[in-house]
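I opened this notebook to record what I looked up, entry by entry.

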Amino acid sequence: MDSFLENNGMYRGIYCYFSGNEGNAAWCKGLDGILPLGWEWLGYFIAGFTIMLVLVNGALLGAALFVWGERRILGRIHKRRGPNRWGPFGLLQPIADLLKLLIKEDLVPTIADRVVFTLVPVVMLMSLLLSLAVIPFAHNTYLADLNVAVLYFVAVGSLSTIAIFMAGWSSGNKYAIFGAMRSVAMLISYEVPLVMSLVGVVLIAGSMSMVDVVNAQHVPFILVQPLGALIFLLGISAELNRTPFDIMEAESEIIAGYHTEYSGIKFGLIQAAEMAGVLAASAVLATLFLGGWSGPVFSSELGAVWFLLKLTFFAFVFIWIRGTFPRLRIDQIMAFAWKFLLPLAFINLMSTAVEVYFFGFYNASADQLGVITRNELWVMAAINSGIAVVAITLFGRVTRNRMETEPVRLHKFQSAGTVIGVN
Amino acid sequence: MAFKTEPMTINIGPQHPSTHGVFRLRVTFDGEVIVDVDPIFGYLHRGSEKLAEERNYVQVLTLTDRLDYTASMTNNQAYCLAVEKLMGVSVPERGKYLRVMAAELQRIASHLIAIGFFLQDLGALATPLMYCFRLRESILDLFEMLCGARITVSYMRPGGVFAEPPEDFWPALRRFMEESPGLIEELENLIMENEIVVVRTKGTGILGIESAIANSVSGPVLRGSGFAWDWRKADPYDIYDQIDFDVPVGNNGDNYDRFQVRMEEIKQSFKIVSQCIRQIPDGPIRTELPLVLRPPAWQESYGRVESPKGELGFYLVSDGSVAPYRCKVRSPSLLNLHVLKELLVGWKLADMIVTLGSIDINMGEVDR
C-alpha cells in the first residue's frame, strides 16, 4: 500500500488531506489530516471512492460532450449546423436527449429474456468503465497502475462482445440476432490484429504498464510504430463499431442491429457506453502512441491538458472517419482483418522485435535488455516508417486485387420460385 | 466440415430505413446469404388511376404530381403528351423548350436523390446525401420561381406550360448553371473513386442485358446493363430532336454501372438545359384551350417520356365526357422491380440494400 501511495499522486493527495499524520510523514508533507489517528482506513476508502466517482462521472459527462461534439462536427461535414438551440452552441443538447430518454416508456419485448435483456446496458457500461481504470490521465494520476495494463485493457474491452451477443440473443428479434452474429464474427477476428499491434509498443517500452509506456515515449510511438498505430486505430474502430466497420448496427441494413429492441434509458446507456467507448479508445491511443500526458512543456503540471488535447485529436479522427466513409460488407471486413491487418501486424511485430533485440543489446548490462535511447527511437522510427509504407502499398495491392475480383454467387436463380445451388 | 443451418425469414419493411418508402420484402436468409425474395407492395395504394376517372382532364394533372413525387415534372410531361395526342393539339415552340428545361432540371434533382440514398444505403452517414440535397434545394427553388410549388409542381398543362417564367428566373437559372457543375464535380471526386464504394458496388447486383429486356426494364437500370435505349433519342418528344446530348451506357450491369450512368446523365442534363437556354425562342407558351377539355369519344392515346426512373407512360381512353374513361399508368418503378428476384437471390443482405438503392424505386409510383 505504501508504494502505491507513493506513486499515485492523486490518491496520495486526497488521502493525506484526510489522514495525514506523523506515521505517514514520509509521503504526506503536510501533517494536518482532518481525521483523527486510527482512522487511516477511512482515508484510503474516501480517496479511492472519490477517484472512482470522478472517473465514472467524467466518463459519462465526456460521453455527453462527445455526443454534442460528434453531432456538431458531423453537421459541419454535412454542410449543416447541427444542434444549436439548447444552451450555448447547443451544449445542453445531450442533457435534453437524456431527459427525453428518461421519460420514455421502457419497453421489454414479451418474448425477451428479461434478466439478460436488462443486464446488457450494465455489462456494456461496466466493461467500458473498467477499461478506464488503467489510463494515466496526468503525471502520477491514475486509478491503478497495473503491471499488465495493456493486456487488461484488451481483455476488459472484449467483454463488450459478450454484452452485444447477450443483447442480440435475449431480444427475440431477428434483426438483433443478425447484429449479434455479425458482431461476434467480426469482433473476434479484429481482436487478433489489435493485440498483435500492441505487442510492438510493449516490446519497446519493456513493460505492459501504461505508466511505463508513457515514460518510455521519448519519441511518440506513433512515429516509432506507425503500422501498429494504424492497425490499432482500425481494430479499435471495429471494436467500437464505427464506420466503415459498423455492420453490427448498420442502420440501412438491419435497423439498429443488436439494440433494435432497446428503448428508454437502456438505449441511452448503450449509447453512452458506445460514445464513452470512443473516448476510452482515444485515451488509450493517446497514451500508447502519442505520449499520454507528457507534452513538450510543463509535462508534470499541465499533464491533464496535454492528455485531453491528444484525446480530443483522436476523438476527432474517429468522428471524421465516421462522417466520410461508407460501410464494408461482412466478408470484406473479415478479409480485411485476416488478409490485410494480420499480416501487417506480424510484419510490425517482427521488425520491432529485431530492432529491440539489436538496440536493446547495444546498451545492455550483464543479463538484461538495456533502455532504448531517444536517438535509437528515431532510428527505429525511420526504419518502421519505411517498412510501413512498403508493406501497406504491397499488401494493399494484393488485397485490392483480391477484393475486386467478382464475388462468387452462392446460389443461382433459375426460374420463378425455385433456387438451386451452383455446386 | 459442413454445418446444418436453418433458413431464417425476415420481413424487410414496410417500416425500414432503406426500403425507400413502404416497400416490403419477405426475405429468406441462409446466414447472410439470400435464398428467396418475395416483394410485397400496395401499402401506398391511393387509387390514382380510379381517381383520374372522376376528374376532368386538367384536374388529373395534380394526381400525376403525386405519383413519383421526386420527379413531378416528367409525370406532368407524360400526361400532357397523352392528352395532347388525344385532343390533337400542338404545343408552341417556347412551351416545348420550357417543358424540356423543367424536365431536365427535374431529372437532375431525381438522380441526385437516387445517388444520395444509394450512398446512404452503402452506409455513408448522410454526408453524400446532404451534398446531393444541397444541389437539389437550388433546383427546387427554381421550380418555386416557375410555378410557386417545389414538389407537387403541376407546371405543365395540356397545350404548353402554366405560365411564363418571371423575370428573375433567367438570371437565377444562369447562376445555377454556373455553380452547379462544379458541385457535381466535387461530389464525383469525393465518391466515384472511393475504394469502399468501388469494392462494394462493382460486380454486385448484376443484371444481364437479355433478362433486362425480357422483363421490360427501362431507364438507368436498362442502360446500366449496356442497352442504349432512351425515349428521348428513340422517339424524340417535345424538342429533344433539336438538342445534342449523349446517352450514357454501362458495361456490366452492376450497381456501380447504374450509379455511374446516373452520374453521367446528370451531366448530360446540364448540357441539355444550357442548350435550351441558348436556343429558346420568343412566343406564346401555351396553345389556348378551353378550361374543360372534351376530347372526341372513344379515342385512345399513349404518351410516354423518359422519366428519371425509366419509361413513364400514360394510356388514356376518352368517352366523350370531361373525364377520361380509363387512365392507365405504366410506371417504370413497378416494372423495374420485376427483376428484383434475379438481382438479389444469392447475394448478401448488405448487397440487397445497395441493389435496391441502385434500382431507385419510388413507392408513390409503384403503388399509384
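Two strands pair if DSSP finds at least two bridges between them. Helices (H or I, at least four residues) and strands (E, at least two) are DSSP runs, numbered from the N terminus. The model is predicted, so I note its limits: local features need pLDDT of at least 70, side-chain atom pairs count only at pLDDT 80 or more, and totals for chains, interfaces and linings use all residues. Residues are numbered from 1 along each chain as its sequence is written, while chains are lettered from A and ligands numbered from 1 in the order in which they are written.

Entry on the sheet of chain B. I looked up which residue of β2(B) is the bridge partner of Asn11(B). The partner is Arg26(B). β1(B) pairs with β2(B), residues 24-30, in the antiparallel sense over five bridges. I then followed the open sheet, which has three strands in the order β1-β2-β3 of chain B with antiparallel pairing. At its edges stand β1 (8-12) and β3 (33-40) of chain B; each has a single partner strand, so one side of each is left without a neighbour in the sheet. On average, neighbouring strands of this sheet are turned by 20° against each other, direction ignored (axes are lines fitted to C-alpha atoms; angles run from 0 to 180 degrees between N-to-C directions).

Entry on Gln106(B). I found Gln106(B) in helix α4 of chain B, residues 93-122. Is Gln106(B) buried or exposed? Gln106(B) counts as buried because it has 27 C-beta neighbours inside 10 Å. The cut-offs are 20 or more other C-beta atoms within 10 Å for buried, 12 or fewer for exposed, and partly exposed in between, with C-beta atoms placed from the backbone. Leaving aside neighbours within four places in sequence, I list Ala71(B), Ser72(B), Met73(B) and Thr74(B) as the contacts of Gln106(B); a contact means C-beta atoms, placed from the backbone, within 7 Å.

Entry on the domains of chain A. Chain A is divided into domain 1 (1-103) and domain 2 (111-405), with bounds from an automatic or database domain assignment. The C-alpha centres of these domains of chain A lie 23 Å apart. Their contact takes 21 residues from domain 1 and 22 residues from domain 2. On the domain 1 side, α3(A) gives the most, with 14 residues.

Entry on the two chains. I noted 33 residues of chain A in contact with 38 residues of chain B.

Terms used
Contact = placed C-beta atoms within 7 Å.
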